[in-house]
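This briefing walks through a single protein chain, topic by topic, for a reader who is new to looking at structures. Please keep the sequence and the 3D view open while reading, and look up each residue as it is named.

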Amino acid sequence: MTADPQHLSPYLHFHREQWAHLRDSVPLSLTEQDLIDLRGIHDELSLDEVRDIYLPLSRLLNLYVKARQHRSKVIEQFLGTRSERVPYVISIAGSVAVGKSTTARILQALLEHWPEHPKVELITTDGFLYPNRVLEERGLMKKKGFPQSYDMRRLVNFVADIKAGKQRVEAPIYSHHIYDIIPDQVKVLEQPDILIIEGLNVLQSGMDYPHDPHRVFVSDFVDFSIYVDADKNLLKEWYIQRFLRFRKSAFSDPSSYFHHYSHFDEDDAAATASRIWDEINYPNLIANILPTRERANLILTKGGQHAIEQVRLRK
């Protein structure tokens, strides 16, 4: 007798229609204009996608948050103490060009509409990359996004402070326009109800940092983790498409770090994007990002047009 692979999997598997049914009449609070403001430059995200995928997910997360809040009250009652409010931390991981940022922004917008947690903050781990001057000194400019390019101790300390209930926590800010940390600027967080952390490295653990051994990682502080997945060929295609769109938009600004690419014709730009993917982003995906996928509580798998076709929820 052959074992059922679904039975052996640590995940519950849902096709799009099955998952959409779990929305349970939750109303859609976003408009088409909201979606235009939230989607990424290369995403074809529709209201149907929000309704079918992200509304059920926001319902699930709301239930998790309520359960955690109830558990905290039980502990306070048992100990006879009143503790600091501790944010519920959600992490979103996945490849470059898969649409993590759009997923994070959509979830933030939806979760803010639940009465139990009106204050939802979002940060990206890009802010915890070492500044370019440090990366240049260490010969790591072509390794941006790889584990060794992040100040993991600073990132871990930030998340630890958040989970300790500190009233004011600061996060550095990264600019894709200048391709560097913005000097002397920080984002201040003051006890949010939910913190969403989006980045390539949020599911990584000690085995991913042999060059910088320490005992605590971002994943140790995360309450619920999401991995946005897609076929490798689709990811490369989306990366090239995004590069070509940036060439006509952000790269055209003379102050952009990548302004020189705006002078490339389409064929040269596509070839350049393909080379960058093959030499940098693909090796990072295979070595450091994709191996963390099965650590996630939820895996969203995209097909063509960035549409999510399957959802896997850890049992």
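## Salt bridges

Arg68 counts as buried, because its relative accessibility is 16%, and a residue is called buried when that value is under 20%. The model described here is a predicted one, and in it the side chain of Arg68 meets that of Asp223 in a salt bridge, with 3.5 Å from N to O.

- This pair links distant parts of the chain, since Arg68 belongs to helix H4 while Asp223 sits in the loop between strand S6 (194-198) and strand S7 (224-230), 155 residues apart.
- In general terms, side chains of opposite charge can pair when their charged atoms come close.
- A search of the whole structure finds 14 salt bridges, and one of them joins Asp52 to Arg16, with 3.5 Å between the closest N and O atoms.
- Because Asp52 lies in helix H4 and Arg16 in helix H2 (residues 16-21), this pair ties together parts that are 36 residues apart in sequence.
- Arg16 is buried at a relative accessible area of 18%, whereas Asp52, at 22% relative accessibility, counts as partly exposed.
- A salt bridge is also formed by the side chains of Asp161 and Lys166, with an N to O distance of 3.9 Å.
- Asp161 counts as partly exposed at 27% relative accessibility, and Lys166 likewise counts as partly exposed, at 43%.
- Salt bridges can also join into a network, as they do for Asp229, Arg293, Glu294 and Arg312.

## Aromatic rings

- Across the whole structure, a search finds 14 aromatic pairs, including Phe251 with Phe258, whose ring centres are 5.4 Å apart and whose planes meet at 45 degrees, so that this pair is described as tilted.
- Phe251 counts as buried at 8% relative accessibility, and Phe258 is buried as well, with a relative accessible area of 17%.
- Phe258 has a further ring partner in Tyr257, and because their planes stand at 80 degrees, with centres 5.0 Å apart, that pair is edge-to-face.
- Tyr257, at 39% relative accessibility, counts as partly exposed.
- Ring pairs link these residues into a cluster made of Tyr179, Phe243, Phe246, Phe251, Tyr257, Phe258, Tyr261 and Phe264.

## Charges over rings

- Tyr179, a member of the ring cluster, also has the charged end of Lys144 over its ring, 3.5 Å from the ring centre.
- In a further arrangement of this kind, Lys143 lies over the face of Phe146, at 4.3 Å from the ring centre.

- Ile75, Phe78 and Leu79 make a nonpolar surface patch of about 350 Å².
- Ile75 has its place in helix H4 (residues 47-79), and with a relative accessible area of 35% it is partly exposed.

## A binding site from the record

- An unreviewed UniProt entry places the feature "binding site" at Gly94, Ser95, Val96, Ala97, Val98, Gly99, Lys100 and Ser101.
- Among these residues, Ser95 is found in the loop between strand S2 (88-94) and helix H5 (100-111), and Ser95 is buried, with a relative accessible area of 3%.

## Backbone and strand details

- Asp184 is not a glycine, yet it has a positive phi of about 60 degrees; this residue lies in strand S5 (residues 180-189), and at 83% relative accessibility it counts as exposed.
- Gln305 also has a positive phi of about 60 degrees without being a glycine, and it is found in the loop between strand S8 (298-302) and strand S9 (308-314), where it counts as exposed at 60% relative accessibility.
- Pro172 lies in strand S4 (residues 169-175) and counts as buried at 8% relative accessibility.
- Although Pro172 and Ile182 are 10 residues apart in sequence, the distance between them in space is 7.6 Å, taken from C-alpha to C-alpha.

Note on methods:
Residues numbered from 1 in each chain as written. Predicted model: local features only at pLDDT ≥ 70, side-chain atom pairs only at ≥ 80, totals over all residues. Heavy atoms only, no water. Patch = residues over 30% accessible without salt bridge, like charges linked within 9 Å, V, L, I, M, F, W, Y side chains within 5 Å. Areas by Shrake-Rupley, 256 points an atom, 1.4 Å probe, with all protein chains shown as cover. Salt bridge = Lys/Arg side-chain N within 4 Å of Asp/Glu carboxyl O. Helix = DSSP H or I, 4+ residues; strand = E, 2+ residues; numbered from the N terminus. Buried < 20%, exposed > 50% of the residue type's maximum accessible area, 1.4 Å probe, protein only. Phe/Tyr/Trp six-rings, centres within 6.5 Å; stacked < 30°, edge-to-face > 60°. Lys NZ or Arg CZ within 6 Å of the ring centre and 35° of its normal. UniProt positions renumbered as here; feature names shortened; annotations may be inferred.
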